[in-house]
Amino acid sequence: IDMSFLDRLKGFDRSNITDATLKRLRTYTSRPDFDPVLVGQKNLASKSLCMWCKAMDNYCKIAK
């Protein structure tokens, strides 16, 4: 178990996400089943991570 995972998410440098990382991220965020409501029906922690991923993707779409 990575005890620093949450801290790394909080401190993630969203302004410097590489295009390669965004491309990999969007293979998930573009899927219709990668929806926080659907994911949350299975696991609440996963719902939060799904929301974070979508937020990073949206931030990059606007910032870049």
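Is Asp33 buried, partly exposed or exposed? Asp33 has a relative accessibility of 41%, so it counts as partly exposed. This is a predicted model.

Start with helix H2 and helix H4. H2 covers residues 19-29, and H4 covers residues 44-63. The two pack with their axes 10 Å apart. The angle between them is about 125 degrees. H2 and H4 are therefore oblique to each other. Their crossing is left-handed.

Which residues in H2 meet H4? They are Leu22, Leu25, Arg26 and Thr29. On the H4 side, the partners are Cys53, Lys54, Met56, Asp57, Cys60 and Lys61. Sorted by class, this contact has 5 nonpolar, 1 polar and 4 charged residues.

## Salt bridges in the model

Side chains of opposite charge can pair when their charged atoms come close. How many salt bridges does the model have? The count comes to 4.

Take Arg8 and Asp2. They form a salt bridge, and their closest N and O atoms are 2.5 Å apart. Arg8 has 48% relative accessibility, so it counts as partly exposed. Asp2 stands at 36%, so it too counts as partly exposed.

Now turn to Arg31. Its salt bridge is with Asp33, the residue from the opening question. Here the closest N and O atoms are 2.7 Å apart. Arg31 has 41% relative accessibility, which means that it counts as partly exposed. For Asp33 the value is 41%, and Asp33 is partly exposed.

## A pair inside H4

Asp57 and Lys61 both lie in helix H4. They are 4 residues apart, which is about one turn of the helix. Their side chains meet in a salt bridge, at 3.5 Å from N to O.

Is Asp57 buried or exposed? Asp57 is buried, because its relative accessible area is 4% and the cut-off for buried is under 20%. Lys61 is exposed, because its relative accessible area is 51% and the cut-off for exposed is over 50%. Salt bridges that share partners join Asp57 and Lys61 with Arg26 into one network.

## Putting it together

Arg26 belongs to the H2 side of the helix contact. Asp57 and Lys61 belong to the H4 side. These three residues also make up the salt-bridge network. Look for them where H2 and H4 meet.

Definitions and conventions: Residues are numbered from 1 along each chain as its sequence is written. This is a predicted model: local features need pLDDT of at least 70, side-chain atom pairs count only at pLDDT 80 or more; totals for chains, interfaces and linings use all residues. Side-chain values use heavy atoms; hydrogens and water are left out. Axes are lines fitted to C-alpha atoms, for helices over the stretch in contact, and angles run from 0 to 180 degrees between N-to-C directions. Angles under 35 degrees count as roughly parallel, over 145 as roughly antiparallel, 65 to 115 as roughly perpendicular and the rest as oblique. A crossing is left-handed if the near helix is turned anticlockwise from the far one by less than a right angle, and right-handed if clockwise. Contact means heavy atoms within 4.5 Å. Ala, Val, Leu, Ile, Met, Phe, Trp, Tyr, Cys and Pro count as nonpolar, Asp, Glu, Lys and Arg as charged, and the others, Gly among them, as polar. Buried means under 20% relative accessible area, exposed over 50%, partly exposed in between (1.4 Å probe, protein chains only).
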